[in-house]
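My notes follow in the order I made them.

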Amino acid sequence: MLFEEYYEDLTSDEANFILDIYQVINRLVHNLEPVTLVRLGHELGVEPNELSDYLAIIITILNKVEQEYEIR
């Protein structure tokens, strides 16, 4: 299976959590604050180690948000 063909079904709770991650990352980058797992965990009300399953998503979101602010 090619990477482009891979997808995973998300529950609405998981999708909402990913949107929450995006909102926190966007706010932190906008305010020129560092984005760390500890900070994300604090802002989202979860332990940083609980974010490990979302690490690839977090990095992707962070890269895209940083690119968005560079373009502006």
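I began with the buried face of α1. Phe17, Ile18, Ile21, Val24, Ile25, Asn26, Leu28 and Val29 are buried there. I used these cut-offs: buried is under 20% relative accessible area, exposed over 50%, partly exposed in between, with a 1.4 Å probe and protein chains only. The buried residues of α1 pack against α2 (37-44) and α3 (55-71).

A note on the source: this is a predicted model, in which local features need pLDDT of at least 70 and side-chain atom pairs count only at pLDDT 80 or more, while totals for chains, interfaces and linings use all residues. Residues are numbered from 1 along each chain as its sequence is written, and side-chain values use heavy atoms, with hydrogens and water left out.

I then looked at the whole chain. I found 3 helices and 0 strands, in the order α-α-α along the sequence. Helices (H or I, at least four residues) and strands (E, at least two) are DSSP runs, numbered from the N terminus. Of the 72 residues, 24% count as buried.

I checked the length of α1. Helix α1 (residues 12-30) has 19 residues, which should span 27 Å at 1.5 Å a residue, and its end C-alpha atoms are 27 Å apart, so the two agree. The expected span is 1.5 Å times one less than the number of residues.

Next came the core. The largest nonpolar core has 15 residues. Ile21, Ile25, Leu40, Leu44 and Ile58 have the most contacts inside it. Each of α1, α2 and α3 supplies at least two residues of this core. The largest share, 7 residues, comes from α1. By nonpolar core I mean a set of buried Ala, Val, Leu, Ile, Met, Phe, Trp, Tyr and Cys residues joined through side-chain atoms within 4.5 Å. In soluble globular proteins, nonpolar side chains tend to be buried together.

Leaving aside its neighbours within four places in sequence, Leu44 is in contact (heavy atoms within 4.5 Å) with Phe17, Asp20, Ile21, Val24 and Leu51.

How do α1 and α3 pack, and at what angle? The angle is about 40°, with the axes 10 Å apart. The two helices are therefore oblique to each other. Angles under 35 degrees count as roughly parallel, over 145 as roughly antiparallel, 65 to 115 as roughly perpendicular and the rest as oblique. Axes are lines fitted to C-alpha atoms, for helices over the stretch in contact, and angles run from 0 to 180 degrees between N-to-C directions.

I moved on to α1 and α2. Their axes come within 10 Å and cross at roughly 115°. The contact uses Phe17, Asp20, Ile21, Val24, Ile25, Arg27 and Leu28 of α1, and Arg39, Leu40, Glu43 and Leu44 of α2.

I stopped at Leu32, in the loop between α1 and α2. Leu32 has a positive phi of about 60° although it is not a glycine. Most residues other than glycine have a negative phi. Is Leu32 buried or exposed? Leu32 counts as exposed because its relative accessibility is 77%.

Last, I looked up Glu47, in the loop between α2 and α3. At 49% relative accessibility, Glu47 counts as partly exposed. Glu47 and Leu37 are 10 residues apart in sequence and 8.8 Å apart in space, C-alpha to C-alpha.
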